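This report describes a surface patch and a few residues in helices. The sequence and structure come first.

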Amino acid sequence: MTSNTIMTLTPVLFPIVTGFALFSRPIFEDRHIYVGVMTFATSIITFFAAFMTNEELITLWRVTENLSIAFRFDYPARAFSCLVAFIWPLVTLYAFEYLKRRPPVDRFYAFFLSTFGILIGVACAGNLLTLYLFYELMTFMTLPLVMHSQQREAIRATVSYLLYSLTGAALALGGFFFFQVYGVSMDFTPGGVLDMARINSENSRDMILIVTFLTLVGFGAKAGLVPLHAWLPTAHPVAPTPASAVLSGLITKAGVIAMFRVVYYVVGDDFLRGTWVQTAILSMALLTIFTGSMMAFIEKHLKKRIAWSSVSQVSYVVFAMMLLNSDGITGAVLQIAAHATAKSCLFLSAGVVIYFTLEGANYHYADQLRGVGKELPVTMTCFALASVSLIGLPVTGGFTAKWYMASGALNLGGLGIAGVIVLMISALLTAGYLLPIVTDAFFPGDDFNYSRLYPLRLSWNMKIPLLLLSAGAVMTGLFAGYLIKFVDAKIIFSLI
């Protein structure tokens, strides 16, 4: 076994094995030490693998002559894996404090740590079989996270999440069978793997387009794409805040990554460009963007509002990806980074507010947060920075991402112009449902009873993740040039 093989497989297998080890007797009396060490070790290993491995396809298990479980750290895998490796340990650090009041923690950490490795497996899957396997594993690993409280609402949300995920997976499975028959290989290849000679000779183009559409809709369930989106605002409010943060910030992106692989590495952008499939997915993404923004605007429950925002914001990535041009891909990658950091920060900030609920207050609702910025100034400052990034104000990551999306959309023509209009409307709605929370928190008005305020001291393992994630939401804009250079030179060059 070569060093490249070990470096490629370790980020996937190490957290899965160490996560399941938590079901046995603890190695340490305090499991926080074990979970913390294993999580941070996984992140270091992932960064090391992302920068030190080559793009060699590493086969873990050969199922048949043509089917195998294989991994490869190509450029899209490196970009997403590094993002996961940055955010996951921060959320874990936050969870150490947050879950003190929400047992049982052993089961949560076991599945949480294992999900880390499975998400890396989704990112660096080398073929469609591996991607589908880890995509399904991710669903079943995250079910206990949603159902953590075991209350009736949590169980109901978990059932909804499972049904939507299985429906999407069933649609994607049909695509797997067809692409196996009509592809020259199952390994991901820039430009696609379809056997065009066979497709043209059998006049199968229309059938492949239908299958591709259903596959994209299926994988889009995890990304919250309409019509398979309803699980997201149902599951997030009942899940513990650390689970909500990674569900929204990272796991929804697994659906996007799967769609990205199908479009650019299985079917090929040339095959889809100008077809009804491109038009349909773009239209569904725009509908999802508007629907999510409007529902977030009218929603009063704090975590549900942020969840509806995720429905909208993740579909920005789908829209940009389906533009099938270089500006669209750049915007999609930048949006993934900006949204992952900002949305994780929003959920963790909301968790702090709820965690410190005072007697007589109801901090679960957005319209009852007046003055909370005086009690939790660091938390609400981080919330504000993440909010302006989601809105897309200049110098933030959200602004740069939306700039490239708009540029790519205008190159598309009619539907692209409609897309820019929807993006602008969504930005206004985003400002409408996030900025009032910030202004009410810091400027509660003259009629506010300031005597009831009690400044609260935030623990360092909650404060550090908030500061770093909010900084990340801004830094992805301030230093976007480095990200753009990476995307242009490495990812786009191999695809467009």
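The text below covers the basis of the values, then the patch, then individual residues.

The model is predicted: local features need pLDDT of at least 70, side-chain atom pairs count only at pLDDT 80 or more, and totals for chains, interfaces and linings use all residues. Residues are numbered from 1 along each chain as its sequence is written, and side-chain values use heavy atoms, with hydrogens and water left out.

**Surface patch**

Phe47, Phe48, Phe51, Met52, Phe86, Trp460, Ile464 and Leu468 form a nonpolar patch on the surface, and their accessible area together is about 840 Å². Patches consist of residues with over 30% relative accessible area and no salt bridge, like charges being joined within 9 Å and nonpolar side chains (Val, Leu, Ile, Met, Phe, Trp, Tyr) within 5 Å. A salt bridge is a side-chain nitrogen of Lys or Arg within 4 Å of a carboxyl oxygen of Asp or Glu. Accessible areas come from the Shrake-Rupley method with a 1.4 Å probe, and for residues only the protein chains shown count as cover.

At least two residues of the patch come from each of α2 (31-52) and α19 (460-478); α2 gives the most, with four. Helices are DSSP runs (H or I, at least four residues), numbered from the N terminus. Ile464 lies in α19.

**Residues in helices**

The table lists relative accessible areas; buried means under 20%, exposed over 50%, and partly exposed in between (1.4 Å probe, protein chains only).

| Residue | Relative accessible area | Class |
|---|---|---|
| Ile464 | 35% | partly exposed |
| Ala386 | 0% | buried |
| Ala409 | 0% | buried |
| Ser426 | 1% | buried |

Contacts here are heavy atoms within 4.5 Å. Neighbours within four places in sequence are left aside for Ala386, which then touches Ala342, Cys345, Leu346 and Ala473. Ala386 belongs to α16 (residues 377-391), and its C-alpha is 8.1 Å from that of Leu469, 83 residues apart in sequence.

Ala409 sits in α17 (residues 397-410). Beyond four places in sequence, Ala409 is in contact with Phe319, Leu323, Gly416, Ile417 and Val420. Buried residues of α17 include Gly397, Lys402 and Met405.

Ser426 is part of α18 (residues 414-442). Its side chain makes a polar contact with the side chain of Ser312 at 3.5 Å. A polar contact is a pair of N or O atoms within 3.5 Å; within protein, one must be able to donate a hydrogen and the other to accept it, and residues adjacent in sequence count only if both atoms are side-chain atoms.
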